Amino acid sequence: MLGAGLALALCALQLCPAALGGSYPQLLVERSGSRRLSKVGGFAWENCGDRRDPVVLQSLSVAPDPISIPGSLRVSAAVSSGKAMASPLKGSYSLPASDFILPDVELPAWMTNGNYRVRAAVSNGGEELACVKVAFSLQSQ
């Protein structure tokens with residue numbers, strides 16, 4: 001009974017010839033609604049936390065605009081803290097201009113071309129440490 005169930009499952013997956021000792025079929029997988037991301041542009045950011053937040057994004061630079069995918073990206077950033085941090089943490093961090101290679105990216109079916117806004121908040125023990133809003137647009141093929 002278990003063998004018959006396995007054979008039916010393999011046939012449903014288009015693997016009948018392989019299960020029956022024949023040649024392996026080529027499987028074509030269709031991803032309904034998925035698309036390849038081609039460009040990200042209109043990048044902007046702002047701090048959204050309270051002025052008393054201990055961590056503040058001082059600068060963030062992303063180039064080029066728009067970013068082609070696949071392609072290369074250059075990012076630089078600086079973060080500072082208004083509070084003394086316990087070692088090994090520092091009062092400030094920076095990322096000098098650094099290049100990254102971006103691979104092909106497939107968008108999930110629910111993500112469409114358009115403008116997006118993301119709010120990221122970092123907290124510890126219920127206390128907000130930092131908040132940043134990021135805006136960008138996506139274009140897919």
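The model is predicted, so local features need pLDDT of at least 70 and side-chain atom pairs count only at pLDDT 80 or more, whereas totals for chains, interfaces and linings use all residues. Residues are numbered from 1 along each chain as its sequence is written, and side-chain values use heavy atoms, with hydrogens and water left out.

The protein contains 2 helices and 8 strands. Both kinds of element are DSSP runs, numbered from the N terminus: helices are H or I runs of at least four residues, and strands are E runs of at least two. Along the sequence the pattern reads α-α-β-β-β-β-β-β-β-β. Of the 141 residues in the protein, 15% are buried. Buried means under 20% relative accessible area, exposed means over 50%, and partly exposed lies in between, with a 1.4 Å probe and protein chains only. The protein exposes about 10,200 Å². Carbon and sulfur atoms supply 59% of that area. Accessible areas come from the Shrake-Rupley method with a 1.4 Å probe, and for residues only the protein chains shown count as cover. Contacts, defined as heavy atoms within 4.5 Å, were also counted by sequence separation. Among contacts with a separation of 6 or more, 58% are between residues 24 or more positions apart.

Two strands pair if DSSP finds at least two bridges between them. Strand S1 (residues 35-47) and S8 are antiparallel and share 8 bridges. Within this pairing, Leu37 has Ser140 of S8 as its bridge partner. Strand S7 (residues 114-124) also runs antiparallel to S8, and 11 bridges join the two. Here Asn124 stands opposite Glu127. S7 and S8 form a hairpin with 2 residues between them. In its turn, Gly125 has a positive phi of about 60°.

The structure holds 1 disulfide, a term for a pair of cysteine sulfur atoms within 2.5 Å. The bond joins Cys48 to Cys131, with an S to S distance of 1.9 Å. Cys48 lies in the loop between S1 and S2, while Cys131 lies in strand S8, so the pair ties together parts that are 83 residues apart in sequence. The link of Cys48 and Cys131 is left-handed, with -80° about the S-S bond. Cys131 is buried at a relative accessible area of 1%. Cys48 is partly exposed at 23%.

Asp53 lies in the loop between S1 and strand S2 (55-63). Beyond its neighbours within four places in sequence, Asp53 contacts Glu128, Leu129, Ala130 and Cys131. Asp53 is buried yet has no salt bridge. Its nearest side chain of opposite charge is Arg52, 7.0 Å away. For charge, Lys and Arg count as positive and Asp and Glu as negative, while His and the chain ends are not counted.

Side chains of opposite charge can pair when their charged atoms come close. A salt bridge is a side-chain nitrogen of Lys or Arg within 4 Å of a carboxyl oxygen of Asp or Glu. The structure holds 4 salt bridges. One of them joins Asp104 to Arg36, with the closest N and O atoms 3.9 Å apart. This pair links distant parts of the chain, with Asp104 in the loop between S5 and S6 and Arg36 in strand S1, 68 residues apart. Asp104 is partly exposed at 44%, and Arg36 is partly exposed at 39%. Arg36, Asp104 and Glu106 are linked in a network of salt bridges.

The loop that holds Asp104 runs between strand S5 (92-102) and strand S6 (106-107). Apart from its neighbours within four places in sequence, Asp104 contacts Arg36, Ile69 and Pro70. Asp104 and Gly71 are 33 residues apart in sequence, and their C-alpha atoms are 8.5 Å apart.

A salt bridge also connects Asp99 and Arg74, with the closest N and O atoms 2.7 Å apart. Asp99 lies in strand S5 and Arg74 in strand S4 (residues 71-81), and the pair links parts of the chain 25 residues apart. Asp99 is exposed at 53%, whereas Arg74 is partly exposed at 42%. Arg119 pairs in a salt bridge with Glu128, with the closest N and O atoms 3.8 Å apart. Glu128 is partly exposed at 28%.
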